[in-house]
Amino acid sequence: MASLAAWYREHGRHDLPWRLTTDRWAVLVSEVMLHQTQVSRVLEAWPGFIGRYPTPPTMAAVAPGEVIRAWGTLGYPRRARALWEAARVVSERGWPDDLSELPGVGRYTAAAVAAQADGADAPGVEANIRRVVERIAGRQLGDAAAEALSIEVGRPLRGRDRLLALMDVGALLCRPRAPKCDACPLSARCKTRGVLPDDGRRRQPRYEGSFRQRRGRVLAALRSGPQGLSDLDADALRSLEADGLAVITGTTARLP
Ligand code: SF4
């Protein structure tokens, strides 16, 4: 069986466009998009979005509603609002030493950007890597334990290569259903070989009929221009307003 490093050299997704840059902002935008959205959809959206907002100042210069509109139908539009807020912070004060101080940037995203853009040996655990290390361990792991195991099973890879190699094992082999354990470079030390620990805690709720869907409908209407309040789902609109994704003035609502 090939080592993780050899497997990654041969099979890694080296051509993903955001992997061809080490620009912090471009990597941050890709990570924010990839969180909760499939790679195929990010492949369609990222080039145009980063072409439109290639730097934090270019995004900070426009109204948040414009960024939300440019986000299109990628879903979870709070991410677009948070990116705009992060762009403002970076434009005004520069990049913080601890990237998790930026709006919308959590523990994983901070580590992933530091590893990919700054060459830091920061361990990051997103959904794919978590699935890999939890299947290897045969149990659910807290953040620190999952990061520690990712370092251990990733050796001798470090930083960016370790992060991307484990992510690719998760995305290409250690799939949620029917993992390809026979081809997995980590199979020798895997406790479960695909028999899952209970991962129900992270199952995504259904979209159809959900409140998310109702919010999505209102946001789609606002993207086309201001709307009368009587035409909109009031609960969903209030929730969007609370998230900074809609502004209500008198009897109309619009993007911020
Ligand atoms: S052996 Fe199978 S379950 Fe274990 S990490 Fe590899 S693909 Fe996942």
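Helix pairs and the ligand shell

In this predicted model, the axes of helix H5 (residues 64-71) and helix H6 (residues 78-93) come within 9 Å and cross at roughly 135°. The crossing of H5 past H6 is right-handed. On the H5 side, the contact is made by Pro 64, Val 67, Ile 68 and Trp 71, and on the H6 side by Ala 80, Arg 81, Leu 83 and Trp 84. By class, the residues of this contact between H5 and H6 are 7 nonpolar, no polar and 1 charged.

H2 passes H3 in a right-handed crossing. H2 contributes Ala 26, Val 29, Ser 30, Met 33 and Leu 34 to the contact, while H3 contributes Val 39, Val 42, Ala 45, Trp 46, Phe 49 and Ile 50. The residues of the contact of H2 with H3 comprise 10 nonpolar and 1 polar, with no charged residue.

The ligand is the remaining topic. Around the ligand there are 14 residues, of which Cys 174, Cys 181, Cys 184, Ser 187 and Cys 190 come nearest. Helix H8 (residues 127-137) gives the most to this shell, with 3 residues. Sorted by class, the shell around the ligand holds 9 nonpolar, 3 polar and 2 charged residues.

Conventions
Residues numbered from 1 in each chain as written. Predicted model: local features only at pLDDT ≥ 70, side-chain atom pairs only at ≥ 80, totals over all residues. Near = placed C-beta within 6 Å. Helix = DSSP H or I, 4+ residues; strand = E, 2+ residues; numbered from the N terminus. Nonpolar A, V, L, I, M, F, W, Y, C, P; charged D, E, K, R; others polar. Left-handed = near helix turned anticlockwise from the far one by under 90°. Contact = placed C-beta atoms within 7 Å. Axes fitted to C-alpha atoms, helices over the stretch in contact; angles between N-to-C directions.
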